[in-house]
Amino acid sequence: MKLRITATGLLTVLAVQYATAQKQQPIYRNGWIDFNKNGKKDVFEDPSRTVDERIKDLLSQMTLDEKTCQMATLYGYGRVLKDEMPTPEWKNKVWKDGIANIDEELNSVANNKKAQTQYSFPYNRHAAAINTVQRWFIEETRLGIPVDFTTEGIHGLNHDRATPLPAPIGIGSTWNRALVLQAGQIAGREAKLLGYTNVYAPILDPARDPRWGRVVECYGEDPFLIAELGKEMVNGIQSQGVASTLKHFAVYSIPKGGRDGNARTDPHVAPREMHQLYLYPFRRVIQEAKPMGVMSSYNDWDGEPVTGSYYFLTQLLRKEFGFDGYVVSDSDAVEYIYSKHHVAVDYKDAVRQAVEAGLNVRTNFTPPEDFIMPLRQLVKEGNVSMKTIDSRVADVLRVKFKLGLFDHPYVDEKLADKGVHTAADDSFALQLNRESLVLLKNEKNTLPLNRAAVRKILVTGPLATAESHANSRYGPSNNPVINVLDGIRKLAGNGINVTYSKGCDVVNPGWPGTEIVPTPLSQAEQDSIADAVSKAKDADVIIAVVGEDDKRVGESLSRTSLDLPGRQLQLLQALHATGKPVVAVLINGQPLTINWEDQNLSAILESWFPGPQGGIAVAEALFGDYNPGGKLTVTFPKSTGQIELNFPYKPGSHADQPSSGNNGYGRTSVNGPLYPFGYGLSYTTFSYGNLSVTPEQNHQQGDFQVSVEVTNTGKRTGDEVVQLYMHDKVSSVTTYVWQLRGFERVTLKPGETKTLHFTLHPDDLALLDKDMNWTVEPGEFEIAVGGNSEDLKLKKTITVNR
């Protein structure tokens, strides 16, 4: 007689066996963990076996319910998860069968009162809390598959009082690989100590349209610079034993017209340009730094939603770039396939498209069962194969095995308080703030201010006391902030009287509509500016802190104008009319069309969105305690009518408009950038000499060694960012006029000379030919070095032979 057991009966038998094993056997053994509680060391529990062997064994033991749970995110406490700690009710939740990851768990994320928790600080309490949640999944689910704890980290770890760093646009402006590597190491170390295992950073999107709100979260507009700095950030994060997840794959940063918010679609970019500009950083960082994660974007390209695209998520990402981690969707990316792009008949069909395209894990601010349940139905209906499910789950498990979660799933709670946000970390963050500063103008050496000569300083402007930008959404929260006014007062010394007048608000009532149809200043606005002017008349110098706050630039905050918002220009004009020197300090997240300011103010210092110590860094630069040496990583246009105006660019695309000669029909446009890519001044001067390239001829797969001498010809110690550019003189397809192919930030004392060395690899000379193949074409290439993309001091020609 054969014994027949129904599916329900089998589950009952398994439950009894699981409960019995729990009582009879402790799961923590000598050198291994009995995750499935069966009393024996399975292959997936054996640290001596290969990752592939362990994945295969674990997959063979998983049910459909357990597999689909490894394909969804549970958003942490205060978003989807309502409980700070596991409760008995969890046994009735979908995650009773496990979960792929839990995002932003107990981190007290800024600007979300629901997410404030007692477990985020002190740091050891968070580590203990994460261990408690992890222990529940290991001990209370059938197979005990550990959770990947994820969080953001684009300018420091997104956690309560973690080490805060400047915004990514400021980090990019340092042009300092070593600092970016160290920033990644700090974020990775803090993540590890706090219990996180996966950091959503860096953002590799080229910021090609300055109207786009998320320029502030990008390193810049040039793909080579982004790839170089992104590689350092990934290496830094992953050196600490946690995963780095790249954002946002792909073609995310150029929505039509720079429009964000409810749009987020229709990037206008041709295939060759897409590969050379928007995919280039992802390809290089994936191949050279081996990140374990990639986030798929919610936009389309050429009518195909990226998160539902086999071409993007499998053909490009895995087969061509060699990515072997797991892909997590950006919020709503799966839903948009149906609700925004309308290429799916319903949401379930959108789930099918995303999974078949190559998506591993769906993330959104909705319960994970919203994705898991339709996915299970698709498998049962035969519309998604178990082979596809196994492949997607295997990628998730591979990352978890590589992270050591099956061997060491818990963190040492005692280490967190000693290793998170240390005094050394604060010193580093201040240095990063310093090096992010870019001096845009310094007429008649207005800066640095002479403490012996200046007796009275007026600090004015709506950003002088601003603080919210320093603790923004995707970085650390709840850190004390030193604003610019406080920084100036702290460093001015006892002999200088520092007064303050706000002058105006960041924006006026009716803004941004008043950028199109201006309105007269109200009496209150006139009075506020008049107060600043009155105090300015009694000052030796005016420091006007102007720009944008975090409600004017950021995610879903694209702009139609790039002028200073509100009444800030009127404030500057009134201050200038006093005849006193006016120094503008910019706090902003994107290039601004500050034409009047450039023509009329004495000095302009770009500080981007600095971190909480930004006020100190700015004050040090103003008084000369620090010599600013950052360079722009985005082009500043003179008008939004010039957009697109960015680097690199094709021949003729940035050309002037002649008033005579060929095509000389008159002048109807403003030409050229306000400040070009790579631009930045110093309180000292530099000269270049002895550019050498060896060999001067080489074969298509050969390297070229480049060296150049740079000398500090001024009287102050200062930093120069030496930039190496390349131009393909004759090619089978149109290439860019100049392409950045090397850079090095170097500190030089007065009169000091250093020789810098660069290597040009074949990939640096390659183009996408007519058949869309990367190749190095024989011919002549021009090599140039200088201090920015329009100030190329020295040039040489090299030859590539067949």
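This note walks through a helix, a strand residue, the nonpolar cores and a pocket.

1. A word on the model before we start. The structure is predicted, so local features need pLDDT of at least 70 and side-chain atom pairs count only at pLDDT 80 or more, while totals for chains, interfaces and linings use all residues. Residues are numbered from 1 along each chain as its sequence is written, and side-chain values use heavy atoms, with hydrogens and water left out.

2. Let's begin with helix α12, residues 347–357. Helices here are DSSP runs of H or I with at least four residues, and strands are runs of E with at least two, numbered from the N terminus. Eight of the 11 residues of α12 are buried, so the helix is largely enclosed by the rest of the structure. Buried means under 20% relative accessible area, exposed over 50% and partly exposed in between, with a 1.4 Å probe and protein chains only. Among the buried residues are Tyr347, Asp349 and Gln353.

3. What do the buried residues of α12 pack against? Their partners are α10 (310–320), α11 (333–339), α13 (369–380) and α14 (386–402). Just after α12, Gly358 takes a positive phi of about 135 degrees.

4. Next, find Glu606 in strand β15 (residues 603–606). Is Glu606 buried or exposed? Glu606 counts as buried because its relative accessibility is 0%. Setting aside residues up to four places away in sequence, Glu606 touches several residues, including Ser436, Leu440 and Phe636; contact means heavy atoms within 4.5 Å. The C-alpha atoms of Glu606 and Val585 are separated by 6.1 Å, although the two residues are 21 residues apart along the chain.

5. Leu440 turns up again in the largest nonpolar core, which has 208 residues. Such a core is a set of buried Ala, Val, Leu, Ile, Met, Phe, Trp, Tyr and Cys residues joined through side-chain atoms within 4.5 Å. Phe249, Leu440, Ile457, Ile543 and Leu575 touch the most other members. A second, separate core of 24 residues includes Val710 and Val785.

6. Finally, look for the 42 residues that line the largest pocket. A pocket is an open set of points on a 1 Å grid over the protein atoms alone, where a 1.4 Å probe fits, with protein on both sides within 12 Å along at least five of seven lines; lining residues have an atom within 4 Å of a point. Glu217, Ser472, Arg473, Tyr474 and Glu555 lie nearest the pocket's centre.
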